[in-house]
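Subject: Structure for your review

Dear colleague,

Please find the structure below, handed over for your own work. My notes on what was found in it follow directly after.

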Amino acid sequence: MEAFQHLLFGLSVALQPSNFIYAVIGCVLGTTVGVLPGIGPLATVSILLPGTFGLDATKAIILLGAVYYGAMYGGSTTSILMRIPGEVASIVTCLDGYAMTQKGRAGPALVISAVGSFIAGTLSLLGIMLLAPPLANFALRFGPPEYTALLVLGLMVLGYMSGGPMLKTLAMAVLGLLLGMIGLDPITGYLRSTYDIAELADGIGIIPVAVGLFGLAEILTTVAGQEVPPQVVKPRLRDLPPSREEWRDSIGPIGRGTVLGFLIGVLPGPGHIISTFASYAVERRLSKHPERFGHGAIEGVAGPESANNAAAEGSFVPMLALGIPTNATMAIMIAAMMLHGVFPGPLLLRQNPEIFWGFIASMYMGNIVLIILNIPMVGLFVNLLRVPYRILYPLIIAFCFLGVYAVNGSVFEVWIMTIMGFVGYALRKFDFEASPIVIGLVLAPMLENALRQSLIMSRGSYAIFFQRPISASLLAASGVLLILALWPWIRRIVGQRGQLEAKKNETTE
């Protein structure tokens, strides 16, 4: 009850005209940033940071926060319509969202995405209010060994629940991990695998890889596969709202994605990215018809988009309650608060309750603003499909090049995107899934840092992972998943050996 009294106090702060205007501005900017591939919330929040100097701390955090979770909403639009992830966390949405577009169901995909994001965002705010202290305390128990074990478990979950051959999935994830290790060694400072190319010192960026694997590869596959592009069924007005069956199929994934995304978002790391892959894998594993995934399953849009937004808002728990950034965007927001003389952490509630509760309340208002912005624009977005392919495809390619170049102004990253486009095309030809490459690229620096810090703590002994209860439990779970995934293969080999021995015995007799 006390929490809701605090929320009423926060609403009195958030509904002040000046604060509400900044929340709306942030939502509009965030949605726009999410739609434009390559820019992302991190770059936008960084650019806006100097502009908050003239604002008070409450307005600054409301504006930057709205940009962040607004981008989670907007990122699904180009993923669904063009198979180009507007934001890294929307990569998974490409798989089924674009397939729905090709079937003339772009409208339902966009509506379910917006509604799922709204429900997940609203419920996650309740989680921030009610569960922040215990969840934050649990996250504090994670040291480098626990993070290492958690990331290994994440890779095992990705492989086990991918629905395809686990070895193929893990091979692509390992390729992503190898790509993520290119650049400056975080411990020793040596350059690795750069081949004297200065631009590789900072490593390979996620944006050019993602846009290449999903944007350019889609165009190359379509153009190379047939002379006439596949006809996308043009949606009629009455086809824009989801059907009763699509609503029914989306309820469970939205609920599961919300819970999963919030819990993952509280932990340090790119939770909004990891949670989308985890949600997609869970829905595919639980589905009675897993073969529909990748071919237009509404669950493949509802679950990941809900997890995406739940994780984005869950990441505010350790940032506000402990002053611990769970990702780069949260670190910039902490910097913005400190620039205004406000220090996030346990004392924030006591010393600056108007900032904490005003921000929480503004997120409620922001979710309402975003659903109002996104639902009416579904028809406008879907009309993009009426553009002829001979015009649309060159525009998409130009959009990819401009979006990637705009991130860092680097021509080299444009070349990386181009190379990854051809890599993605080749992977499709050989029936490999490209998404594990991206998740491996994201996890690589985190996994390497956690592993090496753990070994420094133990003076090179791997026993540290089994001496700590949490890391040992997580590694045990990874082992179980690996055995379960390989069990059919092991049983088949044992069966074949048994048959050979039986034939030998028959021949001997």
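Arg459 lies in the loop between α20 and α21 (464–467); helices (H or I, at least four residues) and strands (E, at least two) are DSSP runs, numbered from the N terminus. Although Arg459 is not a glycine, its phi is positive, at about 60 degrees. Arg459 counts as exposed because its relative accessibility is 82%; buried means under 20% relative accessible area, exposed over 50%, and partly exposed in between (1.4 Å probe, protein chains only).

This is a predicted model, in which local features need pLDDT of at least 70, side-chain atom pairs count only at pLDDT 80 or more, and totals for chains, interfaces and linings use all residues. Residues are numbered from 1 along each chain as its sequence is written, and side-chain values use heavy atoms, with hydrogens and water left out.

A positive phi is also found at Ser193, about 55 degrees, although Ser193 is not a glycine. Ser193 is placed in the loop between β2 and α9. With a relative accessibility of 45%, Ser193 is therefore classed as partly exposed.

Gly203 also belongs to the loop between β2 (191–192) and α9 (206–225). Is Gly203 buried or exposed? Its relative accessible area is 16%, so Gly203 is buried. Apart from neighbours within four places in sequence, Gly203 is in contact (heavy atoms within 4.5 Å) with Ile182 and Gly183. Between Gly203 and Met181 the C-alpha to C-alpha distance is 7.3 Å, with 22 residues separating them in sequence.

As for the protein overall, its secondary structure comes to 22 helices and two strands. The protein has 509 residues, of which 53% are buried. Of the contacts in the protein with a separation of 6 or more, 77% are between residues 24 or more positions apart.

I turn next to helix packing. For the angles and distances that follow, axes are lines fitted to C-alpha atoms, for helices over the stretch in contact, and angles run from 0 to 180 degrees between N-to-C directions.

Helix α8 (residues 166–180) packs with α20 at an angle of about 50 degrees, and their axes are 6 Å apart. The two helices, α8 and α20, are therefore oblique to each other; angles under 35 degrees count as roughly parallel, over 145 as roughly antiparallel, 65 to 115 as roughly perpendicular and the rest as oblique. Their crossing, α8 with α20, is right-handed; a crossing is left-handed if the near helix is turned anticlockwise from the far one by less than a right angle, and right-handed if clockwise. On the α8 side, the residues in contact include Thr169, Met172 and Leu175, and on the α20 side they include Pro436, Gly440 and Leu447. By class, the contact of α8 with α20 has twelve nonpolar, four polar and no charged residues; Ala, Val, Leu, Ile, Met, Phe, Trp, Tyr, Cys and Pro count as nonpolar, Asp, Glu, Lys and Arg as charged, and the others, Gly among them, as polar.

Pro436 itself is placed in helix α20 (residues 435–457). Its relative accessibility is 4%, so Pro436 counts as buried. Pro436 and Phe277 lie 8.8 Å apart, C-alpha to C-alpha, and 159 residues apart in sequence.

With helix α12 (residues 299–314), α4 packs at an angle of about 160 degrees, and the axes are 9 Å apart. Helices α4 and α12 are therefore roughly antiparallel to each other. The crossing of α4 and α12 is right-handed. Among the residues that meet are Tyr68, Met72 and Ile80 in α4 and Val301, Asn308 and Ala312 in α12. Seven nonpolar, three polar and two charged residues make up the contact of α4 with α12.

The other partner is helix α16 (residues 353–374), with which α4 packs at an angle of about 35 degrees, the axes being 9 Å apart. This crossing, of α4 past α16, is right-handed. The contact involves residues including Ile61, Gly65 and Tyr73 of α4 and Phe359, Gly366 and Leu370 of α16. In the contact of α4 with α16 there are ten nonpolar, eight polar and one charged residue.

Finally, the cysteines. How many disulfides (pairs of cysteine sulfur atoms within 2.5 Å) does the count give? The count comes to zero disulfides. Cys27 is buried because its relative accessibility is 0%, and Cys94 counts as buried because its relative accessibility is 0%.

With kind regards

Methods:
A disulfide is a pair of cysteine sulfur atoms within 2.5 Å.
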